[in-house]
Protein chains: 2
Amino acid sequence: MSSKSQARRAQLREKLVEAAEVRIDREGLGELRARDLARDAGCALGAIYNAFEDLNAIVMAVNGRTFRALGQAVSDSFDGSEAPVQRLIVMSTAYLRFADAHTNLWRALFELKMTQDGPVPDWYREALAGLFGLISEPVSQIFPEMKREELELMTRALFSSVHGIVSLGLENRISGVPPEQIERMIGQVLRQIGNK
Amino acid sequence: MSSKSQARRAQLREKLVEAAEVRIDREGLGELRARDLARDAGCALGAIYNAFEDLNAIVMAVNGRTFRALGQAVSDSFDGSEAPVQRLIVMSTAYLRFADAHTNLWRALFELKMTQDGPVPDWYREALAGLFGLISEPVSQIFPEMKREELELMTRALFSSVHGIVSLGLENRISGVPPEQIERMIGQVLRQIGNK
DNA sequence: GGCTATTCCTGAACATGGTTCAGGAAAGGA
DNA sequence: TCCTTTCCTGAACCATGTTCAGGAATAGCC
């Protein structure tokens with residue numbers, strides 16, 4: 001066995017992912033540099049490529065963490081006592097707060113796949129499915145008459161809508177739309193949808 | 001005067017923007033190369049930087065065209081006889097069709113600003129305002145009781161929602177969501193919102 | 001038309017940044 | 001202890017945006 005090697009390798013992977021997370025959070029995905037990561041992790045430039053396939057793989061690892069944290073934030077946001085529409089609003093607000101607090105990390109979640117040609121990785125699909133699971137419950141309470149397929153579509157549609165509002169809302173942060181306004185937009189849309 | 005110079009310069013600019021548009025449309029923004037553009041336009045590499053500040057400026061010019069074409073597609077999509085909700089759906093469908101037909105060009109519209117730090121350019125703001133103008137009319141018919149500020153927010157919210165649905169819908173094109181499903185999601189959300 | 005100043009074009013060179021690789025160091029096994 | 005394997009190192013490689021010195025074309029003027 002090669003426990004020492006393995007351990008060191010794992011430690012390096014951890015340090016690299018940690019460093020990448022900090023740098024992406026602070027500067028954005030576009031400012032991530034292999035040489036900076038090597039310095040942060042105290043390893044040689046080439047060592048990165050021993051621990052990971054390439055820089056992308058590190059970003060993927062960061063995205064995995066981010067996605068888990070995001071899912072956690074959303075599932076921690078409600079206690080189950082809310083009315084369905086209210087719960088959707090609360091969850092969406094948690095989504096907004098997370099995106100606002102970690103805009104660069106959250107953006108990296110979507111920037112990477114846009115650029116890449118390869119298929120969406122499994123963990124991404126699963127994480128998204130997890131989020132959808134949280135949403136589909138209140139959605140099916142709001143629309144008890146809908147069939148499963150239509151409910152799935154509606155769940156996806158609502159998630160996408162909130163994502164769009166947050167995404168465009170945070171985009172021109174400098175020039176407009178403060179988070180409270182974004183929150184109001186989310187409320188407008190979701191409440192309106194609840195008013196059948 | 002320097003009519004001949006000016007004309008050639010203008011012609012080069014045109015050829016570069018044209019070439020960039022074709023390449024972005026076909027390969028995506030990420031595959032755009034200065035050297036390819038120079039070859040396409042039949043000029044030297046350095047000549048690009050005489051006609052434009054940098055590559056970004058060319059992409060901006062392409063984005064300007066794209067945005068105009070998108071606005072045209074949306075405003076051509078309705079004839080004014082539709083009921084308000086129906087008009088929103090028709091416009092959104094036009095947006096979807098455009099995004100589906102020219103996904104890479106449409107994505108470039110949003111990818112650039114995300115990466116850049118500078119403020120959003122004026123033409124972008126104006127073009128978006130133009131789109132919002134088209135949307136706000138049916139929105140104010142649907143919500144006659146709303147004040148201007150609330151209407152503006154709702155307009156923005158609905159645009160963002162449709163954008164989000166289209167954006168996430170087209171993202172994993174390979175693995176899921178065909179355009180008809182995206183269209184159904186748009187219909188679900190907008191019709192639901194119209195059902196006050 | 002000829003002459004000079006200016007402006008533009010050219011492509012080699014530069015800067016940056018991801019990735020590779022030959023050579024040496026460390027770990028594992030006997 | 002010695003050999004094998006594995007890993008680490010950082011210099012070099014390659015791609016790509018951008019610049020720049022030198023030459024070509026153009027403009028203005030007589």
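These legends accompany several views of a predicted model with chains A and B.

**Figure 1. The helices of chain A.** Let's begin with the secondary structure. Chain A is built with 9 helices and 0 strands. Followed along the sequence, the pattern of chain A reads α-α-α-α-α-α-α-α-α. A box of roughly 60 × 45 × 35 Å, taken along the principal axes, holds the C-alpha atoms of chain A.

**Figure 2. Burial and contacts within chain A.** Chain A has 196 residues, and 48% of them count as buried. Take the contacts in chain A with a separation of 6 or more: 70% of these come from residues 24 or more positions apart.

**Figure 3. The surface and charges of chain A.** As for charge, chain A carries 24 positive and 26 negative side chains. The centres of these two sets lie 4 Å apart.

**Figure 4. The contact between chain A and chain B.** Each partner brings 37 residues to this contact: 37 from chain A and 37 from chain B. Together the two chains bury about 3500 Å² between them. Of this buried area, 59% is on carbon and sulfur atoms.

**Figure 5. A salt bridge between the chains.** Now for a look at individual side chains. The count of salt bridges between chain A and chain B is 2. One of the partners in such a pairing is Arg184(A), which forms a salt bridge with Glu149(B). In this pair, the closest N and O atoms are 2.9 Å apart.

How values were computed: Residues numbered from 1 in each chain as written. Chains lettered and ligands numbered in written order. Predicted model: local features only at pLDDT ≥ 70, side-chain atom pairs only at ≥ 80, totals over all residues. Heavy atoms only, no water. Helix = DSSP H or I, 4+ residues; strand = E, 2+ residues; numbered from the N terminus. Buried < 20%, exposed > 50% of the residue type's maximum accessible area, 1.4 Å probe, protein only. Contact = heavy atoms within 4.5 Å. Lys, Arg positive; Asp, Glu negative; His and termini not counted. Charge placed at Lys NZ, Arg CZ, Asp CG, Glu CD. Buried area = accessible area lost by both parts, 1.4 Å probe. Salt bridge = Lys/Arg side-chain N within 4 Å of Asp/Glu carboxyl O.
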